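Here is a short tour of a protein model, written to be read with the structure open beside you. Take a moment to turn the view around before reading on.

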Amino acid sequence: MNTWLKRIVVPFLAPAAILYLVFFVFPAVQSLWVSLHNWSGFTRDMTFIGVRNFTEALKDKTFHRVLMQSLGLVFFGGILTFCLSLFFTGLLGGKGRGKGFFRAVIFSPNVITMVALATLWGFIYNPRFGLLNSLLRALGLTRLAEVSWMGPDLVYWSILAAVVWIYVGFYTVLFMAGADKIPIAFYEAAKLEGAGNLRMFFTITFPLLWDVISMGIVYWIIDGFMQFEFYYAVSGSFPPIQIWTIPIYVVILAFGKRTPIYRMGYATAIAFYLLVIVTLLVTLSRKFLRRTAVEY
Amino acid sequence: MARKLIFFTLLVSVLFLAVELSAEDQKGGPVTIQYFSGWNEGEPYVPLFKKIIADFEAANPGIRVNASWNGRENLTKVRPMLLSGNVPELMDQGADELTGALVSQDLTYALDKDLALPAVGSKTAWKDTFKPGQLDAYKKGSENHIVPWWIDTTVFYYNGKLFSQKGFSAPKTWDEFTTLCDKFKANGLAPLAQDGGINFYNVYYFRHLVQRIMGNGALLKACGDRTGSSWDDPGFLKAAKTVEQLAKKGFFIKGFEGYTFPAGQIDFVQGKAAMILISTWLPAETKDSIPAGFEYRSFPVPTVAAGKGKAADVELYQWSFVVLKDAPHKAEAVQFLKFWTQKKYNDEMAINHDAMIAIKGTANPPSNPDAAKLMDIASSTSRFNDGVNSALPEYWQTVLLPADDSLIFGKVSAEQFIAQLKKDSKAFWNK
């Protein structure tokens, strides 16, 4: 790059870099400082306690429970979301009548706000007049229609199903964009060799889509651990402990609301653990899922 | 050059003038007090509050009230104000939340001197205009930092018309209560409605049974015991067994554990259940859902045989005001509070919004006549949830409420519940 270009890059990058440093990097560093203190957030008095917030979190049974719940969401939710997305990719790939319409329908939850989706699923799962139990009653499945989908035994899996439904559309569109780049010649050659659709999917589509899938896994790890709005809104702002995610636990600790907990320092320490866990998992997934690039 | 100098001088002068004119507390200018409200602007009571503000400003031309309708995010929104030194004069919210967040951290102004002075338009000391026990519940030591206004307690609601038709009367003892529940169940009506998704509604049963068996303060003491051994007191097991019986006998409406608010209270007003244990804000919340012919009646949590708690022992949820200690215009804020607590506004709130007000002589709310009488004859007052949620909020949220949900949903026995509390208490306090 010639000197003139090098000089001009700096002023063009500077505003974005400054904004990023001021609004993202600096608060993150400051958060680390806060996590080393006992602090309610209402006064300037911060009591330095070193790493005690971090050691307390390691012994906190509620944090352990919430961490397992978040890991379960990422793992089971990820498997379901990716399987369904790949299934729809195989079904809706290529040109064909009505495929554009179905793509739009599957993607539609991504253009609706989380609060509206939470209201919808609250209605679906309502035990008395909800859509799900009404449908089950209409089909004569009266025992199933009496199930309490938002009760303590099932609420975790019910909400997980709703979250999968929300995200399937995004990952389907992502995978389909990748699948559309695969040359048709490969499929034509495979058909000539007598390969069926399923065989073509597993021997052509899936391997050639691997880079997109591994990128999707990274997105999902971040999405999964950051789940907050839907979980919070679907329970009418009083989420039962069975569906607490790490961000929900952080908000309850830091901002209290009906229960005036207000432990900013401790909440920030938990948030730092979340950062470490997500960074570790993303790094590991990039390392182990990477492979030599395929060009075509 | 000369033109540039003139322009620059004019610009600086205009800016200087603008800053000076916009500054508060100019000599002869009005004083503005900041009021951070826990109400959302769209709530039905806010027009009355705006009217109180307008009337106050008209009666006190030297004072302006700048209200921010922050809703339940009020405490979150006041935090940066406190940190930046731009402290509002007044806040309102639940006394338990204000105590836990502000009073406990010495951020509020003690009002005892002001309470000793006469109320607006009266010779009576302002403190003597409050109903018995209302100023005592949230004292900080011997000091009053909280001015309660809209007060609530927890009662069993029922439809008076339904009870009359069936020939039933409000039970006074717990045995009478369970007999009544049996009768409703035999008649094919669920005895108890419940919003199972609201964990602090679920704990009302255990909390109040502990009070009726062991008296005020027992629950708070046990929750704060770092060894967990306080839970060995047989009174707690008795309270837990009583809740367990309600669940085992199927007195709660089917499917309640999966309810999202306000499904439970809607069930009640629509006649799908006979009674509901809930706080006295219920009539105001269900105003638009009440069918024709529904008559709101209530009775206090029944007494338990040989128990220490009395029927007129009243738990208080107080929607209250505090004056912030570091605010610049505390005297004007207190003046505004005294103006607010006048009879005409109290009566309007009571009659139009079914609210119980902490001031003596206020009209009775039409849909809360029984609870209003209970407040007038209270033998003792205690903090909401025995003070556990404001004094030990993290324990409340992460230990007691989840354990109680398991008990009321019938997932654990009373013995398992107590064992869980003991174990989790030790783990919580020793982390």
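This is a predicted model: local features need pLDDT of at least 70, side-chain atom pairs count only at pLDDT 80 or more; totals for chains, interfaces and linings use all residues.

## A helix crossing in chain A

The crossing of α2(A) and α14(A) is right-handed. By class, six nonpolar, two polar and one charged residues make up the contact of α2(A) with α14(A).

Two packed helices are described by the angle between their axes and the distance between the axes. Here, α2(A) packs against α14 (residues 264-289) of chain A at an angle of about 70°, and their axes are 9 Å apart. Angles of 65 to 115 degrees count as roughly perpendicular, so α2(A) and α14(A) are roughly perpendicular to each other.

To find the meeting point in your viewer, select Asn53(A), Phe54(A), Glu56(A) and Ala57(A) on the α2(A) side. Their partners in α14(A) are Gly265(A), Tyr266(A), Ala269(A), Ile270(A) and Tyr273(A).

## Where the chains touch

How many residues does each chain bring to the contact? Chain A gives 34 residues and chain B gives 36 residues. On the chain A side, α2 (52-59), α3 (61-92) and α13 (246-255) each supply at least two residues. Sorted by class, the side of chain A that touches chain B holds 13 nonpolar, twelve polar and nine charged residues.

## Chain B as a whole

Chain B has 18 helices and eleven strands. Its C-alpha trace spans about 95 × 55 × 45 Å along the principal axes.

Of the 431 residues in chain B, 49% are buried. Among chain B contacts between residues at least 6 apart in sequence, 76% join residues at least 24 apart.

Conventions:
Residues are numbered from 1 along each chain as its sequence is written. Chains are lettered from A and ligands numbered from 1 in the order in which they are written. Two residues are in contact if their C-beta atoms, placed from the backbone, lie within 7 Å. Helices (H or I, at least four residues) and strands (E, at least two) are DSSP runs, numbered from the N terminus. Ala, Val, Leu, Ile, Met, Phe, Trp, Tyr, Cys and Pro count as nonpolar, Asp, Glu, Lys and Arg as charged, and the others, Gly among them, as polar. Axes are lines fitted to C-alpha atoms, for helices over the stretch in contact, and angles run from 0 to 180 degrees between N-to-C directions. Angles under 35 degrees count as roughly parallel, over 145 as roughly antiparallel, 65 to 115 as roughly perpendicular and the rest as oblique. A crossing is left-handed if the near helix is turned anticlockwise from the far one by less than a right angle, and right-handed if clockwise. A residue is buried if 20 or more other C-beta atoms lie within 10 Å of its own, exposed if 12 or fewer, and partly exposed in between; C-beta atoms are placed from the backbone.
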